Amino acid sequence: AKRAPPVRGCRRRMERPITLGVCAMAKKACSAPMRLLLDELCAYTDEAGAREFVVVVFDERDIIDAPIESWPVVDALLAFFSAGFPLGKAIAYTQLRHPFCLNDLALQRTLLDRAAVYTRLRQFGVPVPPHALLDADARNDVEETDDAITINGVVLNRPFVEKPRDSEDHAVAIYWPRARGGGAAHLFRKNGADECAAFDAEARRSRAASGGSFLYEQWLPTSETDVKVYAVGREHAHAELRKAPACGEGRVQREAKGGREKRAIVQLSEWELEIARRVYDAFGQSVCGFDLLRASGGADGGGADGVTAYVCDVNGWSHVKGAASAEFAAKSASLLRAYMLGALASDYLATKVTGATCVGSTALFAPCGADAPSDACRARDEPGRCLDGEARAGASARAPMMAAASIVGMAAAGGCAAVTPLIVDSPALSA
């Protein structure tokens with residue numbers, strides 16, 4: 001493999017490998033996409049051929065049952081929530097050991113509350129659909145007819161979308177007006193029969209009177225599609241177009257060969273790329289998936305041709321699947337590597353590039369320019385950007401990671417080619 005020329009005064013060899021801990025439920029930590037990512041990271045070596053990273057995958061039984069004092073001690077941590085994961089315990093571990101965190105664990109709590117997600121997105125100037133919160137713990141004024149619902153003075157005409165406030169609850173519904181036959185489409189995670197929605201013609205009213213907490217939002221016309229975006233820091237974004245779950249017969253469309261859900265890779269507009277950057281700034285997840293609606297006639301944001309992009313969901317850690325998964329894993333690994341080396345071995349990192357240039361990992365994100373200082377990639381107020389004090393502080397706290405990305409344009413520049421993957425003694429790679 002080609003190696004970048006050394007820079008005088010900087011180390012060309014790692015004093016020791018950086019230990020990366022993967023703290024997640026076994027189903028996620030040992031998934032095929034995660035193995036691809038870890039293989040890519042473990043392929044990087046220094047000038048002497050020594051590994052840059054050693055991966056330690058935390059045992060799920062220890063995550064659940066063992067005290068955090070007995071968890072492995074690591075230099076960097078990749079941790080993310082899924083069902084059953086003790087998020088509070090993982091946060092306590094980071095406060096005890098202080099590893100370099102690739103994901104902001106505290107903000108993963110925010111991702112569990114759909115209303116809090118929308119509030120934070122708006123703080124960072126990200127357009128979200130018009131919406132209203134029905135909080136079961138507060139006093140609410142609700143009126144509902146066959147054609148609209150009014151919640152605490154906010155009027156949402158049918159069709160409107162009803163989402164449980166808890167983001168882990170996927171019982172979403174869309175209520176249709178009388179002019180379209182009424183009733184409701186109930187959405188859910190796809191089942192064994194590939195069903196993802198069911199229509200109930202008899203549903204006349206929402207669940208507003210059920211005693212639960214719900215986020216109600218205006219349904220937006222989107223040509224029966226939505227866009228799944230996978231962002232890596234502020235440097236890279238991959239986007240795929242798919243059929244919206246409530247459209248058609250409520251079934252997942254699959255490829256004839258391989259059986260994967262039909263998706264088409266799409267190019268994001270400049271405004272949509274800016275949205276991806278702001279989603280990262282808002283939640284601090286190094287790899288983050290979110291759902292984008294391309295709606296016509298929108299009043300918010302910087303859309304062109306009468307189309308405005310709205311973020312309707314933020315998922316946190318997500319992997320690209322299918323034909324693009326290997327390329328996405330390679331680009332993700334190169335950027336995660338840059339973030340970790342920038343924080344933990346910056347003098348070694350300097351030997352791997354020529355100059356300190358901020359370069360995006362693909363042409364999707366425009367480069368900051370060869371003469372741009374690292375601050376050019378840090379959180380900053382931009383025209384049209386709305387940052388309150390808390391939001392600005394949160395973004396500034398991640399400046400070291402952004403600065404690391406400004407030092408290396410890993411995938412675009414091809415500055416440090418991966419070598420043959422190495423076998424690492426970890427459950428994720430040997431399982």
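**Helix packing, sheets and buried residues**

Helix H6 passes helix H7 in a right-handed crossing, where a crossing is called left-handed if the near helix is turned anticlockwise from the far one by less than a right angle, and right-handed if clockwise. H6 covers residues 114-123 and H7 residues 270-283, and the two pack at an angle of about 115° with their axes 9 Å apart; such axes are lines fitted to C-alpha atoms, for helices over the stretch in contact, and angles run from 0 to 180 degrees between N-to-C directions. Val117, Arg120 and Leu121 in H6 meet Val279, Ala282 and Phe283 in H7, with contact taken as heavy atoms within 4.5 Å. By class, the residues of this contact between H6 and H7 divide into five nonpolar, no polar and one charged, given that Ala, Val, Leu, Ile, Met, Phe, Trp, Tyr, Cys and Pro count as nonpolar, Asp, Glu, Lys and Arg as charged, and the others, Gly among them, as polar.

The model is predicted, and local features need pLDDT of at least 70, side-chain atom pairs count only at pLDDT 80 or more, while totals for chains, interfaces and linings use all residues. Residues are numbered from 1 along each chain as its sequence is written, and side-chain values use heavy atoms, with hydrogens and water left out.

Helix H7 also holds Glu272. Is Glu272 buried or exposed? Glu272 has a relative accessible area of 5% and is therefore buried, a word that means under 20% relative accessible area, as against exposed at over 50% and partly exposed in between (1.4 Å probe, protein chains only). Leaving aside its neighbours within four places in sequence, Glu272 is in contact with Gln267, Leu292, Arg294 and Ala309.

The protein chain as a whole contains 13 helices and 18 strands, these being DSSP runs numbered from the N terminus (helices H or I, at least four residues; strands E, at least two). Of its 431 residues, 51% are buried, and among the contacts in the chain with a separation of 6 or more, 68% are accounted for by residues 24 or more positions apart.

We turn now to the sheets. Strands of a sheet pair through backbone hydrogen bonds, either parallel or antiparallel. Four strands form an open sheet in the order E2-E1-E3-E4, with parallel pairing, two strands being counted as paired if DSSP finds at least two bridges between them. The edge strands of this sheet are E2 (53-57) and E4, each of which pairs on one side only. E1 and E2 pair in the parallel sense over five bridges, and strand E1 (residues 18-23) is joined to E3 by four bridges, again in parallel. Leu20 has Val55 as its bridge partner in E2 and Ala76 as its bridge partner in E3.

Two bridges join E3 in parallel to strand E4 (residues 100-101), and Leu77 stands opposite Cys101 in E4. Together with helix H4 (residues 87-97), E3 and E4 make a right-handed β-α-β unit; a crossover is right-handed if, with the strands pointing away from the viewer, the path from the first strand over the helix to the second runs clockwise.

Another open sheet has three strands in the order E6-E7-E8, and its pairing is antiparallel. Its edge strands are E6 (142-144) and E8 (154-157), each pairing on one side only, and the twist averages 10° from one strand to the next. E6 is joined in the antiparallel sense to strand E7 (residues 148-151) over three bridges, with Val142 opposite Ile151 in E7.

Strand E13 (residues 214-218) is largely enclosed by the rest of the structure, because five of its five residues are buried. Phe214, Tyr216 and Gln218 point one way from E13, Leu215 and Glu217 point the other way, and all are buried. Strand E5 (residues 131-134) pairs with E13 in the antiparallel sense over four bridges, and Ala132 stands opposite Tyr216. Strand E9 (residues 160-164) pairs with E13, also in the antiparallel sense, over five bridges, and here Phe160 stands opposite Gln218.

Finally, Ala345 is found in the loop between helix H8 (325-344) and helix H9 (346-349), and at 4% relative accessibility Ala345 counts as buried. Ala345 and Ile18 are 327 residues apart in sequence, yet 8.6 Å apart in space, C-alpha to C-alpha.
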